[in-house]
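Here are some notes to read alongside the structure, written for someone meeting it for the first time. Please keep the 3D view open as you go through the points.

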Amino acid sequence: MKYAVSMFLNTLTPKFYVALTGTSSLISGLILIFEWWYFRKYGTSFIEQVSVSHLRPLLGGVDNNSSNNSNSSNGDSDSNRQSVSECKVWRNPLNLFRGAEYNRYTWVTGREPLTYYDMNLSAQDHQTFFTCDSDHLRPADAIMQKAWRERNPQARISAAHEALEINECATAYILLAEEEATTIAEAEKLFKQALKAGDGCYRRSQQLQHHGSQYEAQHRRDTNVLVYIKRRLAMCARRLGRTREAVKMMRDLMKEFPLLSMFNIHENLLEALLELQAYADVQAVLAKYDDISLPKSATICYTAALLKARAVSDKFSPEAASRRGLSTAEMNAVEAIHRAVEFNPHVPKYLLEMKSLILPPEHILKRGDSEAIAYAFFHLAHWKRVEGALNLLHCTWEGTFRMIPYPLEKGHLFYPYPICTETADRELLPSFHEVSVYPKKELPFFILFTAGLCSFTAMLALLTHQFPELMGVFAKAFLSTLFAPLNFVMEKVESILPSSLWHQLTRI
């Protein structure tokens, strides 16, 4: 056996070693490329996924779900409820106008700022807010009911004009203001016509709402239409520079319809008040809406941080703070920044202009990249206006991650960061935008392993090709060392067994 191994090693030529190492390098390189592509597309290792999903059950692995079923059943409902609420997609309260803003971007750049998924969600919102079961009784509303389901923008606009030929239809004016108007001034003019028609419908349905469920549904629809129109009119005034008028309209709307929190009008109000630098009024709004029982948002958390930072940022110096320590006011500001960053860790890179902004989508995912874009798009100017605020944010925001447990099995001030944000944000944001991911995914072991294997075998192939004799000596020495334990065992077996028995075994 020993002599057979020696003869085999002596017959191997340098060409064999070159071919062996080159083939190994090629195969490991192909595996590396495939693993990297799969990880970039699906966020996981293919080999690891196959191992866990298919090989482990065959090898007798225990399914954690079945083994922990009895222990986790009580907590499943709470965790599922949290997951659903954390990953719910919300209407962007500061969404732009399609015709006057999104379409103009497309005309200039040739890029589509809205995804099909985002626009489909908007179509569902419009059908929910602007239609009811009794629409088929009124010809204009019946046309608009079909228009909101139409995918083609020109078909929607044509249907809106057709509805207006029948009578003054508020929802038809809304569609034209959102999608046909090419300027904010044109949109405002159409919304004013919509307000006139919508206010009349609201007053009529208000008198009849108690006459039956059909009238009640119609009144609810008319209320949604009226609130939407007034909110968009306030946003038009804000866009056109009439900020005080916009603030008054928003305050009146919130007083008139205090229960309609689904529109998040207070976030529009906060942005307008920050533009006026009415910080006392901003604090009053925050005192009402930054409550533990109400859902948080990046606007709430980062506006609270901005107000705390404003009190100390103009005199803040990291060198002085490191020498004397943080004062109480500075500590409050830093804690507020940490709280905001824990809620949405994507925002600071946009505020500090470390990442380029795009137009915000019509829907956002709270704590996700889409919400960060929507917030920074409108509030970056307010942070720049407060002297030293961005410097304080730059010096302190990364300290948040030292306070959050890792892995993210639990949060510090909020629920653990949801794992579904990346997938939802990729659906909401256009393909040309690089989605911000938190926490950063570490490269799987198999990618690192195949990268090392590919590099090592490629180096061996190169050395063997350049120095065939020397590498042949090294290879023979390595293989001899590798087979040394086997040779030792074989020698011991030969010495113990009788020669006749050993001869019979070798013949077999």
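1. Let us begin with the surface. (Helices, H or I with at least four residues, and strands, E with at least two, are DSSP runs numbered from the N terminus.) The patch is formed by Phe456, Met459, Leu463, Phe467, Leu470 and Phe474, which together have about 600 Å² of accessible area. Two or more residues come from each of α23 (445-466) and α24 (468-496). Patches are made of residues with over 30% relative accessible area and no salt bridge; like charges are joined within 9 Å, and nonpolar side chains (Val, Leu, Ile, Met, Phe, Trp, Tyr) within 5 Å. Accessible areas come from the Shrake-Rupley method with a 1.4 Å probe, and for residues only the protein chains shown count as cover.

2. A word on what you are looking at. This is a predicted model, in which local features need pLDDT of at least 70 and side-chain atom pairs count only at pLDDT 80 or more, while totals for chains, interfaces and linings use all residues. Residues are numbered from 1 along each chain as its sequence is written, and side-chain values use heavy atoms, with hydrogens and water left out.

3. Leu463 is found in helix α23 and counts as partly exposed because its relative accessibility is 31%. (Buried means under 20% relative accessible area, exposed over 50%, and partly exposed in between, with a 1.4 Å probe and protein chains only.)

4. Now for the chain as a whole. It has 25 helices and two strands, and buried residues make up 44% of its 508 residues. The accessible surface comes to about 28,400 Å², with 58% of it belonging to carbon and sulfur atoms. Of the contacts with a separation of 6 or more, 71% are between residues 24 or more positions apart; contact means heavy atoms within 4.5 Å.

5. Gly29 is found in helix α2 (residues 14-42) and is buried, with a relative accessible area of 12%. The C-alpha atoms of Gly29 and Thr457 are separated by 9.7 Å, though the two residues are 428 apart along the chain.

6. Which residues does Asn268 touch, leaving aside its neighbours within four places in sequence? They are Pro93, Leu94, Arg231, Met235, Met250 and Phe263. Asn268 has its place in helix α14 (residues 265-275) and is buried, with a relative accessible area of 2%.

7. Next, the charged pairs. The structure holds 20 salt bridges, each a side-chain nitrogen of Lys or Arg within 4 Å of a carboxyl oxygen of Asp or Glu. One of them joins Asp141 and Arg221, with the closest N and O atoms 3.7 Å apart. This pair links distant parts of the chain, 80 residues apart: Asp141 is in helix α8 (residues 139-147) and Arg221 in helix α12 (residues 213-239). Asp141 counts as buried at 13% relative accessibility, and Arg221 counts as buried at 6%.

8. Arg221 also meets Asp222 in a salt bridge (2.9 Å, N to O), and both residues are buried. Another salt bridge joins the side chains of Glu271 and Arg238 (2.9 Å, N to O). Glu271 lies in helix α14 and Arg238 in helix α12, so this pair ties together parts that are 33 residues apart in sequence. Both Glu271 and Arg238 are buried.

9. Finally, please look at Arg98, Arg156, Glu179 and Glu362, which are linked in a network of salt bridges.
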